[in-house]
Amino acid sequence: MTEKGASVHNWAGNVEFEAARVHRPRTVEEVGRLVAGAEQVKVLGSGHSFNRVADTRGDLLVLDDLPRGVEVSADRRSVTVTGSIRYAELARELQARGLALANLASLPHISVAGSCATGTHGSGNGLQSLASAVTALRLVTSDGEPLTVDREKDQDRFAGSVVALGALGAVVGLTLAVEPAFEVAQWVYDDVPLDRIAARFDEVFGAAYSVSAFTDWGGDTASVWVKRRTDREGGAHLGARWMDGRLADGPRHPVPGLCPVHCTAQLGLAGPWHERLPHFRPDFTPSVGEELQSELLLPREAAPAAVAAMRGLGPRITPLLLTSEIRTVAADELWLSPAHGRDCVAVHCTWRPAFEAVRQAIALIERELLPLGARPHWGKLFALAPEAVGALHQRGEDFRRLMTELDPRGAFRNDFVAAAFPRP
C-alpha cells in the first residue's frame, strides 16, 4: 500500500516526516521493488527515535504489514525474526518456547530492527546493547536484492552493519542469540543519596543483574531500581536499608507522582524476564510520548564526574525534567555503538515537551559531559552537530567505506546520515 502526501509522525510527536510517499509493503519481494525504484528511501520502525534519523524526502517504508515470523534454531541458541517484529511480540513468543533474550530496553514496544540500528540498550554491568544479540542480518540493499551479513562469515563488515542508522539497506530479518528463559525479581529503594551512588558506583550498579537510578537532579537523592535474576542472584532483596536508602513500601513510577499501574511488577514478585527487565508492562501500549528524550554514554570511570556535573546543572534543568535515569552498559565491538570499545555509564533525560528550552538544556549538559568522553545515543535528541557526533566514532571512516560498498548510489543516505558521515 502506498500513501501519497500522508502525514506521519514519530511516537513523541516532535517529528513530522517529510517523505513524499509512504509505503506499507506486504512481502520482502515488494520491499525489493520499492527500494530499487526509489531515488531516496528509508525504513521507519516503531517511530521511537526523537530525531530525523529515519526521515527522508523520498520514499518511506513502514514494514508493519510484513508477515511476522519467529524461527528458533535447532540448537535453541538463536532465533530468526522478520524485520517487522517488536520486542514485546518476540518476548512472548520466546517465553512460550522456554527461551529469553539477555536484555531488554525500558520500553518493550520498540521494533527490534530499529532499536538495533540506533544502539538502544537496557542496563546492567554485564549487559551489552540490544544490537549485540544480533548474529546475522538480512538486508534489502539499494539494488533491490537481498543480502545476508553474518557475524562469523562476514567479519570484515558485520560490526559495521548492525548499528547502522538504516544507512545500508532495509532490514527485513535478524537472527538473535537467545538463552533459556529465566525469572527476575524487582525492588525499588527510595532516597538513596547521590553522594553514595557516586562514591560507591561499582557496588550500587553491581548489586543486581540490572540496576537503574532515577533522579531529577533537583535534590540529593535518587530512587534505585534493582532487578535481580533469581537463578543467579536468588530471590531476596538487599535489606530494608541499603546504601542509606530504604526499601519502597509500594510500587513506584520512574516519574515521581505518576501512577505505577503501567509499570512492571515490583516488591520482589518474581516473574518472567520480559515482564521485569523493562520498566513498563508489555501489555500497556502508550498512544503518544508527550515527552522528549536525550542520552549520553560516557566511559564507566567518568561516572562520579558525570554525577557531579549533572548535580551542578540541577537548578537550570530540573524544571524541564520529568526524570533522569542513570544506567550501565557493557562494551561491545559494533562500530557505531555508543558503547563501542568501552564499558559505559549512560545519563538519560526524559524532558517535558518544550522543544526550544529543552534544546538549550541539552546543550548545557553536552558542554559538561562531552569533555568527559560522552557519545550521544543515535535515536535521541542532541545539540551537537551531526558531523561532530560522527567524529566521536573511531570507525567512522570504515563505516563510510561500508556505505559506499553496500549502497553505492546513496539511496539510504538521508540528510541525517549525510551530515554525520559526509562523503570524502
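**Sheet, cores and aromatic pairs of the predicted model**

Helix H1 (residues 28-37) lies across S8 and strand S10 (170-177), and runs at about 60° to S8. Contact here means heavy atoms within 4.5 Å. Helices (H or I, at least four residues) and strands (E, at least two) are DSSP runs numbered from the N terminus. Axes are lines fitted to C-alpha atoms, for helices over the stretch in contact, and angles run from 0 to 180 degrees between N-to-C directions. The model is predicted, with local features needing pLDDT of at least 70 and side-chain atom pairs counting only at pLDDT 80 or more, while totals for chains, interfaces and linings use all residues. Residues are numbered from 1 along each chain as its sequence is written, and side-chain values use heavy atoms, with hydrogens and water left out.

S8 and S10 belong to an open sheet of five strands, ordered S5-S6-S10-S8-S9 with antiparallel pairing; two strands pair if DSSP finds at least two bridges between them. Strand S5 (70-72) and strand S9 (146-150) are the edge strands, each pairing on one side only. On average, neighbouring strands of the sheet are turned by 15° against each other, direction ignored. Five bridges join strand S8 (residues 134-140) to S9 in the antiparallel sense, and Arg-138 stands opposite Thr-148 in S9.

The loop between helix H4 (158-161) and S10 contains Gly-166. Gly-166 is partly exposed, at a relative accessible area of 28%; buried means under 20% relative accessible area, exposed over 50%, and partly exposed in between (1.4 Å probe, protein chains only). Although 123 residues separate Gly-166 from Val-43 in sequence, their C-alpha atoms are 6.9 Å apart. With residues up to four places away in sequence not counted, Gly-166 touches Lys-42, Ala-117 and Phe-412.

The largest nonpolar core has 56 residues, and Ile-197, Val-224, Ile-317, Trp-351, Ile-365 and Leu-369 touch the most other members. Such a core is a set of buried Ala, Val, Leu, Ile, Met, Phe, Trp, Tyr and Cys residues joined through side-chain atoms within 4.5 Å. Helix H8 (residues 303-317) gives the most to this core, with seven residues. Neighbours within four places aside, Ile-365 is in contact with Leu-296, Met-310, Leu-313, Ile-317, Cys-349 and Trp-351. Another core, of 55 residues, lies apart from the largest one and has Val-79, Leu-139, Phe-382 and Ala-420 among its members.

Ten aromatic pairs are counted, where rings of Phe, Tyr and Trp (its six-membered ring) pair if their centres lie within 6.5 Å, and planes under 30 degrees apart count as stacked, over 60 as edge-to-face and the rest as tilted. Trp-11 and Phe-50 form an edge-to-face pair, at 6.1 Å centre to centre and 90° between the planes. This pair links the loop between strand S1 (2-4) and strand S2 (21-23), which holds Trp-11, with the loop between strand S3 (41-44) and strand S4 (59-62), which holds Phe-50. Both Trp-11 and Phe-50 are buried. Trp-378 and Phe-416 are likewise edge-to-face, at 6.3 Å and 65°. Trp-378 lies in the loop between strand S21 (375-376) and helix H10 (386-391) and Phe-416 in helix H12 (residues 415-420), so the pair ties together parts 38 residues apart in sequence. Trp-378 is buried at 0% relative accessibility, and Phe-416 is buried at 10%. Ring pairs join Trp-378, Phe-382, Phe-399, Phe-416 and Phe-421 into a cluster.
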